[in-house]
Amino acid sequence: MKKKITILAIETSCDETAVSIIQENGNDKPLILSNVVSSQIEVHKEFGGVVPELAARSHIEKIDLIAKKAIEESKIKIEEIDAVAATAGPGLIVCLSVGLNFGKTIALSINKPFIAVNHLEGHALSPKINKKINYPYLLLLISGGHTQFLEVNGVNKYRRLGTTIDDALGEAFDKTAKLLGIEYPGGPKIEKWAKKGNENYFKLPKPIIKRGGCNLSFAGLKTAVLRTSKKLKNQKEKYHLAASFQKVINEILYEKTKVAMYEFLKNKKNKKNVFVIAGGVASNLSIRENLSKLAEEKNFISIFPPINLCSDNAAMIAWAGIERFKIKLTDSLEFPSKPRWQLDSSAPFLKGPGLKI
Ligand code: KG4
Ligand code: ZN
């Protein structure tokens with residue numbers, strides 16, 4: 001019988017210390033033997049955002065215990081692991097270094113290959129843990145640090161169709177939450193508050209909605225939310241602002257995804273086109289519903305990772321590791337941390353004042 005590939009992976013790019021072991025399972029879904037995630041929300045909430053030095057210290061304090069737990073839960077012996085994967089970027093350099101060095105040390109000590117994984121590739125391939133999906137597919141990656149439309153043509157083969165030119169979507173949720181007095185990370189609570197409010201109460205702008213292809217912008221929206229938040233009279237109005245904000249986000253995503261689908265379909269003759277949404281913000285059920293509807297209208301099959309694989313975790317890094325290992329993409333122990341690391345290296349940098357799109 002062919003040996004099943006087993007990968008141990010580590011993720012410490014931001015404020016989650018995570019270790020997972022997963023095993024390929026022939027044509028079936030891979031087995032998640034363990035998936036341990038330790039969040040640092042308590043460490044950062046009083047600061048309203050992630051403090052890099054505190055995050056790194058917390059990773060250092062916890063990484064060996066989390067790894068021990070993941071190995072114990074998996075019920076496998078460390079010698080059965082075929083390779084060790086770790087997130088090498090993008091992210092906070094002091095945080096990345098902890099997991100990357102820990103991963104390299106394990107690989108060296110068990111004399112197995114090391115795989116450096118791009119965190120965004122982890123998110124991009126995460127829906128494949130639960131479902132077989134053929135390449136190419138259209139991906140909307142929405143997380144705390146990134147917002148991009150990508151054509152996923154295979155491991156290491158990405159074409160960026162659009163990106164945010166300022167804030168990431170998760171950042172826009174978190175900043176709105178902060179203005180409403182919600183602790184970091186406020187995205188999930190905005191979703192809860194939105195259910196209690198009137199989404200038509202405040203009129204908010206949709207920056208670059210009619211231009212810039214499927215590039216996105218949230219800075220102007222943030223300014224409008226800031227202005228509105230200063231005039232709020234009571235808790236009910238806070239709910240209205242959360243609801244109005246979420247509604248406008250859904251309208252922006254609807255329009256921009258339509259453009260991205262059009263771009264994706266140029267030169268494609270697939271019978272079944274797949275649209276995948278990944279990253280922490282993909283946990284938001286109203287966004288899921290909104291974009292599933294659009295996908296149906298445009299004849300795309302929409303696929304989401306399960307909620308526990310949307311936000312940062314190491315199972316997605318392990319899966320990217322399996323896909324890379326299968327095509328012999330392993331790395332040297334000298335692989336550096338890459339705080340900036342685009343999936344599509346040919347895509348232009350689209351950020352900063354004075355940008356014309
Ligand atoms: O992918 P992720 O865990 O970390 C990054 O790679 O950035 O995404 C975290 C982001 C945070 O900004 C968080 O507020 C947002 O995802 N988020 C949500 C929801 N759940 C998490 N935003 C809106 N609605 C949610 N339900
Ligand atoms: Zn992430």
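Where does Pro 136 lie? The legends below answer this and go on to other close-ups of a predicted model.

View 1. Pro 136 lies in the loop between H4 and S6. Helix H4 covers residues 119-125. Strand S6 covers residues 137-142. The peptide bond joining Tyr 135 to Pro 136 is cis. Its omega is about -5 degrees. Most peptide bonds are trans.

View 2. Look at the loop between H5 and H6, where Pro 185 is found. Helix H5 spans 169-179, and helix H6 spans 187-196. A cis peptide bond runs from Tyr 184 to Pro 185. Here omega is near -10 degrees.

**View 3. Ligand 1 between two domains.** Domain 1 takes in residues 6-129 and 309-326, while domain 2 takes in 137-304. Both domains give residues to the shell around ligand 1, so the ligand lies between them. Three helices, H4, H5 and H6, each supply at least two residues of that shell.

**View 4. The shell around ligand 1.** There are 20 residues around the ligand. Those that come nearest are Gly 144, Asp 174, Glu 191, Gly 280 and Asp 312. Sorted by class, the shell has twelve polar, five nonpolar and three charged residues.

**View 5. Polar contacts of ligand 1.** Which residue has a polar backbone atom 2.9 Å from an oxygen atom of ligand 1? That residue is Gly 280. In His 119, a side-chain N or O atom is 3.2 Å from an oxygen atom of ligand 1. In Asn 284, a side-chain N or O atom is 3.1 Å from a nitrogen atom of the ligand. On its own, ligand 1 has 550 Å² of accessible area, and the protein covers 88% of this.

**View 6. The largest nonpolar core.** This core has 45 residues. Six of them have the most contacts inside it: Leu 169, Leu 221, Phe 245, Ile 249, Phe 275 and Ile 287. Strands S6 and S9 (273-278) each supply at least two residues of the core. So do the helices H5, H6, H7 (219-229), H8 (235-265) and H9 (285-297). Which element gives the most to this core? Helix H8 does, with twelve residues.

**View 7. Ile 208, a residue with positive phi.** Most residues other than glycine have a negative phi. Ile 208 is not a glycine, yet its phi is positive, about 40 degrees. Ile 208 is found in the loop between H6 and H7. Is Ile 208 buried or exposed? Its relative accessible area is 10%. The cut-off for buried is under 20%, so Ile 208 counts as buried.

View 8. Lys 328 lies in the segment after helix H10, which covers residues 315-326. Its relative accessibility is 72%. Exposed means over 50%, so Lys 328 counts as exposed.

View 9. Ser 20 lies in strand S2, which covers residues 16-25. At 0% relative accessibility, Ser 20 is buried. What lies 2.7 Å from a polar atom of the Ser 20 side chain? The backbone oxygen of Ser 34 does.

Key
Residues numbered from 1 in each chain as written. Chains lettered and ligands numbered in written order. Predicted model: local features only at pLDDT ≥ 70, side-chain atom pairs only at ≥ 80, totals over all residues. Heavy atoms only, no water. Near = heavy atom within 4 Å. Polar contact = N/O pair within 3.5 Å; in protein donor to acceptor, adjacent residues only side chain to side chain. Areas by Shrake-Rupley, 256 points an atom, 1.4 Å probe, with all protein chains shown as cover. Helix = DSSP H or I, 4+ residues; strand = E, 2+ residues; numbered from the N terminus. Nonpolar A, V, L, I, M, F, W, Y, C, P; charged D, E, K, R; others polar. Domains from an automatic or database assignment. Core = buried A, V, L, I, M, F, W, Y, C linked by side-chain atoms within 4.5 Å. Buried < 20%, exposed > 50% of the residue type's maximum accessible area, 1.4 Å probe, protein only.
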